[in-house]
Amino acid sequence: MEYRSSHCLCLKLFTFVLFWCCLASLSLASIHSHRHGRHDELDKHPLSKINIYKTTLALRNSVSIKVSPLILGFKGEDKAWVTVDLVNPDPSEDDWVAVFSPAKFNSSTCTPENDEIESPYLCTSPIKYKYANFSNSKYSKTGKNSLKFELINQRADFSFALFSGGLSNPKLVAVSNFISFANPKAPVYPRLAHGKLWNEMTVTWTSGYSIDEAVPFVEWGLKGETHMRSPAGTLTIEQSSLCGAPARTVGWHDPGFTHTSFLTNLWPNFVYSYRMGHILSNGSYIWSKTYSFKSSPYPGQDSLQRVIIFGDLGKGERDGSNEYSNEDPGALNTTDQLIKDLPNYDIVFHIGDIAYADGYIADWDQFTSQVEPIASTVPYMVASGNHERVWPDSGSFYTGTDSGGECGVIAETLYYVPAENRAKFWYSTDYGMFHFCVADSEHDWRQGTEQYKFIEHCLASVDRRKQPWLIFAAHRPLGYSSNNYFGEEGSFDEPMGRDDLQKLWQKYRVDIAFYGHVHNYERTCPIYQNTCVNSEESHYSGTMNGTIHVVAGGAGHHLGSFFKEIPDWSLYRDYDFGFVKLTAFNRSSLLFEYKKSRDGKVYDSFTINREYKDILACVHDSCGPTTLAS
């Protein structure tokens, strides 16, 4: 640490002492959150590399940029490929092409919040970009190239712009013609989720229609029978409701209107079809595509039930934009594998770090489009992660800036979860023989807190004879992980993570605890208080004496390294992209599988076979006092 020589010795000593006193006063949560923050170039959001405020105007008539076709989605499609043709007599290696939506993007769109630098020409980030020499190294000599971009319907028109000067010193050279989807306001990207009742499914979607323009609803019913209509509620997000930059500044993109409809009194195990609709003021109808889902089994129903669990997916760009292959290199492989496997599972749990938008709001549209084939077909249950929630002085347990100023607002609005308060992202839900307790690791979970009480109630309220498979899930590893930074700290978990919760996991005999946050895969032995309590590794039978902890955070974001030493409790570690599948064959038999995204094959597995009496049997710290009285 350097001090200016002009200061007197006493001032230097005072400053030094004050610095260390302040550092010592930081909470463990604050230190640890900072450690997980974006410190290296690899972990920066691609759009954050653009110094948009430094843009200068350098338009040249000799340069042209043209986009075709002009109108997209004539047949109701919500995504389309376009061609961008460049002609630039003075090309360079650092030329790049940006996509803006809305198409008008000059300083007239700036708000006081944006106007951090005196009279910027631009104050809005593009939604994606490519270097002009993408897929054509001859561009820097010829000045000509044709680029392919994939666009999705994001409720506004589009324009393309050619910049020179690289990302750090952008010079606007040319602007294209405007293009648009045939109906930019169309209802798109449905997300299914469980309601608060077992026989209730929610449908959430996005549109450009306010409640003053059109009435939203869902038309649904059993296939082949008369369909009914259920109304939908509508939520909006204002720029002022976000907590900081870039979400409130260069990353702001109008997220449109979020609608949620509740489909109730569903018959168990039946296939329903549905479509979203809007009744316009003139009486005409706007319809989405038609989708279908299978309703959930009755809680405790004995039948084949299959669950997918992962964290930290993020979004990819099929057109190669934005260098997302560096930030979320596994996102598309995992998404495509899950789309391919759709007939073979029933529900998905995405346990935090969902889109990695980090304050660049347009990314949320792109993510919901990416997972639409999955989320429109099976319940897509989400948890809150640091990249959704963490922001200083916003009520989050950690004090970093990982959410990019979103502070939970975007995720809590775009995704329904059956929580009592969606700002407190903890909830329980059932799927047949499974009971899930989903915690919010971005809020305090320690003993005596509101969340701790919820977790205990969730674990205690399940009837294990009917629902023997008890699952705990949270974003951060509150249990065990031998990732490099946890190993260096010596804790092998989040600070204070399992101090209080392990008593609950043991008391209520939690079968498996799942986490994301750490970008790899790891499975522990059945463990309690840092000690393996079962010597078996792949075929468990009879009484389980502890909880198996699984990190499944390798769905898409760039991978995280392991600590060089392998703890005794770590049975399997994998530095690759993948996800977990649970299959309950009945109340006595469960199959666990870890699959890699690149080929869908199983690389780690175990089985649990037991009877109800094995769940009732006392293990260390699981049973209360007894009496000899008869």
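Predicted model: local features only at pLDDT ≥ 70, side-chain atom pairs only at ≥ 80, totals over all residues.
Local features are reported only where pLDDT is at least 70 and side-chain atom pairs only at pLDDT 80 or more, while totals for chains, interfaces and linings use all residues. Residues are numbered from 1 along each chain as its sequence is written, and side-chain values use heavy atoms, with hydrogens and water left out.

Secondary structure elements are DSSP runs numbered from the N terminus, a helix (H or I) having at least four residues and a strand (E) at least two. Two strands are taken as paired if DSSP finds at least two bridges between them. Strands of a sheet pair through backbone hydrogen bonds, in either the parallel or the antiparallel sense.

An open sheet of 3 strands has the order β2-β4-β7, with antiparallel pairing. Its edges are formed by β2 (64-68) and β7 (144-152), each of which pairs on one side only. The average angle between neighbouring strands of this sheet is 20°, direction ignored; axes are lines fitted to C-alpha atoms (for helices over the stretch in contact), and angles run from 0 to 180 degrees between N-to-C directions. Strand β4, residues 79-87, is joined to β7 by 9 bridges in the antiparallel sense. Within this pairing, Thr83 has Lys148 of β7 as its bridge partner.

A further open sheet contains 7 strands in the order β21-β20-β19-β31-β32-β33-β28, and its pairing is mixed. Strands β21 (380-383) and β28 (539-541) each have a single partner strand, so one side of each is left without a neighbour in the sheet. Here neighbouring strands are turned by 15° against each other on average, direction ignored. Strand β20 (residues 347-351) pairs with β21 in the parallel sense over 4 bridges, and Val348 stands opposite Tyr380 of β21.

Burial was assigned from relative accessible area (buried under 20%, exposed over 50%, partly exposed in between; 1.4 Å probe, protein chains only). Thr335 lies in helix α5, residues 331-340. Its relative accessible area is 0%, and Thr335 is therefore buried. Apart from neighbours within four places in sequence, Thr335 contacts Leu313, Gln370 and Ile374, contact meaning heavy atoms within 4.5 Å.

Helix α10 spans residues 450-460, and its buried residues are Gln451, Tyr452, Phe454, Ile455, Cys458 and Leu459. Viewed down the axis of α10, these residues fall within an arc of 160° and so line one face of the helix; the arc is that of the directions from the helix axis to the C-beta atoms. An α-helix has 3.6 residues a turn, so residues three or four places apart point the same way. The exposed residues Lys453 and His457 are carried on the face of α10 turned away from the buried side. The buried residues of α10 pack against β22 (427-431), β23 (434-438), β24 (469-474) and α12 (497-507).

Strands β22 and β23 run antiparallel and are joined by 5 bridges. They form a hairpin with 2 residues between them, and Gly432 in the turn has a positive phi of about 60°. Tyr427 stands opposite Val438 of β23.

The structure holds 4 disulfides, a disulfide being a pair of cysteine sulfur atoms within 2.5 Å. One of them joins Cys437 to Cys458, with an S to S distance of 2.0 Å. This pair links distant parts of the chain, Cys437 being in strand β23 and Cys458 in helix α10, 21 residues apart. Both Cys437 and Cys458 are buried, and their link is left-handed, with -95° about the S-S bond.

Another disulfide, between Cys525 and Cys532, also has an S to S distance of 2.0 Å. The torsion about its S-S bond is about -85°, so the link of Cys525 and Cys532 is left-handed. Cys525 is buried at 1% relative accessibility, whereas Cys532 is partly exposed at 32%.

The sulfur atoms of Cys618 and Cys623 are 2.0 Å apart and form a disulfide, left-handed with -105° about the S-S bond. Cys618 is exposed, with a relative accessible area of 55%, and Cys623 is partly exposed at 37%.
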